[in-house]
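Trainee: I would like to learn how to read a helix, a core and a loop residue in a model. Please take me through them one at a time.

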Amino acid sequence: MADVVEAAAHVARTRCQGDNHTMAAGRARDGRIVTAVNAYHFTGGPCAELVLIGAAAAQGAYELDTIVAVGDRDRGVVPPCGRCRQVLIDYFPALKVIVGGGDRIRTVLIADLLPESYVWADHQLDTE
(Lines give C-alpha, C1' and ligand atoms only; values in the text may rest on other atoms or scores of the structure.)
Protein backbone atom coordinates (compact mmCIF):
# COMPACT_ATOMS: atom_id res chain seq x y z
CA MET A 1 0.00 0.00 0.00
CA ALA A 2 2.77 2.45 0.91
CA ASP A 3 4.47 2.09 -2.48
CA VAL A 4 1.32 3.15 -4.34
CA VAL A 5 0.76 6.14 -2.03
CA GLU A 6 4.41 7.19 -2.39
CA ALA A 7 4.23 6.94 -6.19
CA ALA A 8 1.27 9.34 -6.26
CA ALA A 9 2.84 11.65 -3.67
CA HIS A 10 6.08 11.77 -5.69
CA VAL A 11 4.18 12.97 -8.77
CA ALA A 12 2.42 15.56 -6.58
CA ARG A 13 5.74 16.89 -5.28
CA THR A 14 7.63 16.91 -8.56
CA ARG A 15 5.19 17.47 -11.42
CA CYS A 16 2.34 19.73 -10.33
CA GLN A 17 2.22 23.46 -10.83
CA GLY A 18 -0.55 26.02 -10.59
CA ASP A 19 -4.15 24.96 -10.00
CA ASN A 20 -5.27 22.17 -7.70
CA HIS A 21 -4.07 18.86 -8.98
CA THR A 22 -4.82 15.39 -7.82
CA MET A 23 -2.50 12.54 -8.65
CA ALA A 24 -3.48 8.94 -8.85
CA ALA A 25 -1.36 5.85 -8.73
CA GLY A 26 -2.49 2.32 -9.34
CA ARG A 27 -0.89 -1.06 -9.10
CA ALA A 28 -1.61 -3.40 -11.98
CA ARG A 29 -2.08 -7.09 -11.28
CA ASP A 30 1.36 -7.71 -12.79
CA GLY A 31 2.93 -5.43 -10.13
CA ARG A 32 3.58 -2.35 -12.28
CA ILE A 33 2.70 1.01 -10.77
CA VAL A 34 1.11 3.54 -13.12
CA THR A 35 0.65 7.23 -12.27
CA ALA A 36 -1.55 9.98 -13.67
CA VAL A 37 -2.56 13.59 -13.02
CA ASN A 38 -6.07 14.97 -13.33
CA ALA A 39 -6.88 17.40 -16.13
CA TYR A 40 -8.19 20.17 -13.88
CA HIS A 41 -10.52 22.69 -15.46
CA PHE A 42 -13.17 24.90 -13.91
CA THR A 43 -15.83 23.17 -16.04
CA GLY A 44 -15.04 19.76 -14.65
CA GLY A 45 -12.48 17.71 -16.47
CA PRO A 46 -11.47 14.15 -15.69
CA CYS A 47 -10.31 13.20 -12.23
CA ALA A 48 -6.91 11.59 -11.77
CA GLU A 49 -8.51 8.17 -11.28
CA LEU A 50 -10.12 8.34 -14.73
CA VAL A 51 -6.92 9.57 -16.37
CA LEU A 52 -5.14 6.68 -14.65
CA ILE A 53 -7.44 4.13 -16.28
CA GLY A 54 -6.48 5.47 -19.72
CA ALA A 55 -2.79 5.77 -18.88
CA ALA A 56 -2.73 2.20 -17.57
CA ALA A 57 -4.47 0.91 -20.71
CA ALA A 58 -1.99 2.80 -22.89
CA GLN A 59 0.77 0.87 -21.11
CA GLY A 60 -1.01 -2.46 -21.50
CA ALA A 61 -2.10 -2.65 -17.85
CA TYR A 62 -5.77 -3.55 -18.16
CA GLU A 63 -6.29 -5.05 -14.70
CA LEU A 64 -5.77 -2.72 -11.76
CA ASP A 65 -5.49 -4.17 -8.27
CA THR A 66 -5.11 -1.08 -6.06
CA ILE A 67 -5.60 2.66 -6.57
CA VAL A 68 -5.05 5.86 -4.60
CA ALA A 69 -5.43 9.57 -5.28
CA VAL A 70 -3.22 12.11 -3.51
CA GLY A 71 -3.65 15.88 -3.55
CA ASP A 72 -0.90 18.30 -4.39
CA ARG A 73 0.56 20.67 -1.77
CA ASP A 74 0.56 17.91 0.85
CA ARG A 75 -3.24 17.52 0.94
CA GLY A 76 -2.79 13.79 1.48
CA VAL A 77 -4.96 10.93 0.31
CA VAL A 78 -8.14 12.06 -1.46
CA PRO A 79 -11.10 9.65 -1.69
CA PRO A 80 -12.61 9.12 -5.14
CA CYS A 81 -15.66 11.20 -6.04
CA GLY A 82 -18.99 9.57 -6.81
CA ARG A 83 -18.43 9.49 -10.57
CA CYS A 84 -15.03 7.86 -10.13
CA ARG A 85 -16.46 5.31 -7.70
CA GLN A 86 -19.04 4.28 -10.30
CA VAL A 87 -16.49 4.03 -13.11
CA LEU A 88 -14.02 2.13 -10.92
CA ILE A 89 -16.59 -0.46 -9.80
CA ASP A 90 -17.71 -0.99 -13.41
CA TYR A 91 -14.16 -1.48 -14.70
CA PHE A 92 -12.62 -3.20 -11.69
CA PRO A 93 -15.24 -4.71 -9.33
CA ALA A 94 -12.55 -6.26 -7.09
CA LEU A 95 -10.42 -3.09 -6.89
CA LYS A 96 -8.86 -2.05 -3.59
CA VAL A 97 -8.93 1.71 -2.89
CA ILE A 98 -6.62 3.43 -0.42
CA VAL A 99 -8.55 5.98 1.68
CA GLY A 100 -8.20 7.85 4.96
CA GLY A 101 -5.75 10.31 6.34
CA GLY A 102 -2.79 10.37 8.68
CA ASP A 103 -2.54 7.13 10.62
CA ARG A 104 -6.05 6.11 9.47
CA ILE A 105 -4.94 5.24 5.93
CA ARG A 106 -6.42 1.90 4.97
CA THR A 107 -7.43 -0.18 1.95
CA VAL A 108 -11.09 -0.91 1.25
CA LEU A 109 -12.87 -2.61 -1.61
CA ILE A 110 -14.48 -0.30 -4.15
CA ALA A 111 -17.84 -2.00 -3.43
CA ASP A 112 -17.53 -0.82 0.19
CA LEU A 113 -17.29 2.78 -1.05
CA LEU A 114 -20.37 2.35 -3.23
CA PRO A 115 -22.79 0.03 -1.38
CA GLU A 116 -25.94 -1.06 -3.19
CA SER A 117 -24.26 0.14 -6.35
CA TYR A 118 -25.60 0.09 -9.85
CA VAL A 119 -23.31 -2.17 -11.87
CA TRP A 120 -23.67 -1.25 -15.53
CA ALA A 121 -22.79 -4.71 -16.84
CA ASP A 122 -25.55 -6.30 -14.75
CA HIS A 123 -28.17 -4.28 -16.60
CA GLN A 124 -27.20 -4.85 -20.21
CA LEU A 125 -29.41 -6.95 -22.46
CA ASP A 126 -27.84 -10.23 -23.45
CA THR A 127 -27.32 -9.87 -27.20
CA GLU A 128 -26.30 -13.46 -27.85
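This is a predicted model: local features need pLDDT of at least 70, side-chain atom pairs count only at pLDDT 80 or more; totals for chains, interfaces and linings use all residues.

Trainee: Which residues are buried in helix α3?

Mentor: An α-helix has 3.6 residues a turn, so residues three or four places apart point the same way. In α3, which spans residues 82-91, the buried ones are C84, R85, L88 and I89. They line one face of the helix, because they fall within an arc of 130° seen down its axis.

Trainee: What covers the buried residues of α3?

Mentor: The cover includes α2 (48-58), β3 (64-71) and α4 (110-113).

Trainee: How many residues has the largest nonpolar core, and which have the most contacts inside it?

Mentor: In soluble globular proteins, nonpolar side chains tend to be buried together. Here the largest nonpolar core holds 21 residues, and L52, L64, L88, L95, V97 and I110 have the most contacts inside it. Two or more residues each come from β1, β2, α2, β3, α3, β5 and α4. The biggest share, four residues, is from α2.

Trainee: Which residues does I110 touch?

Mentor: Leaving out residues up to four places away in sequence, I110 touches R85, L88, I89, F92, P93, L95 and V97. Another core, of 14 residues, lies apart from the largest one; V4, V11, A12 and C16 are among its members.

Trainee: Where is D72, and is D72 buried or exposed?

Mentor: D72 sits in the loop between β3 and β4. Its relative accessible area is 4%, under the 20% cut-off, so D72 counts as buried. The D72 side chain makes polar contacts with the side chains of R73, at 3.5 Å, and R75, at 2.9 Å.

Note on methods:
Residues are numbered from 1 along each chain as its sequence is written. Side-chain values use heavy atoms; hydrogens and water are left out. Buried means under 20% relative accessible area, exposed over 50%, partly exposed in between (1.4 Å probe, protein chains only). The arc is that of the directions from the helix axis to the C-beta atoms. Contact means heavy atoms within 4.5 Å. A polar contact is a pair of N or O atoms within 3.5 Å; within protein, one must be able to donate a hydrogen and the other to accept it, and residues adjacent in sequence count only if both atoms are side-chain atoms. A nonpolar core is a set of buried Ala, Val, Leu, Ile, Met, Phe, Trp, Tyr and Cys residues joined through side-chain atoms within 4.5 Å.
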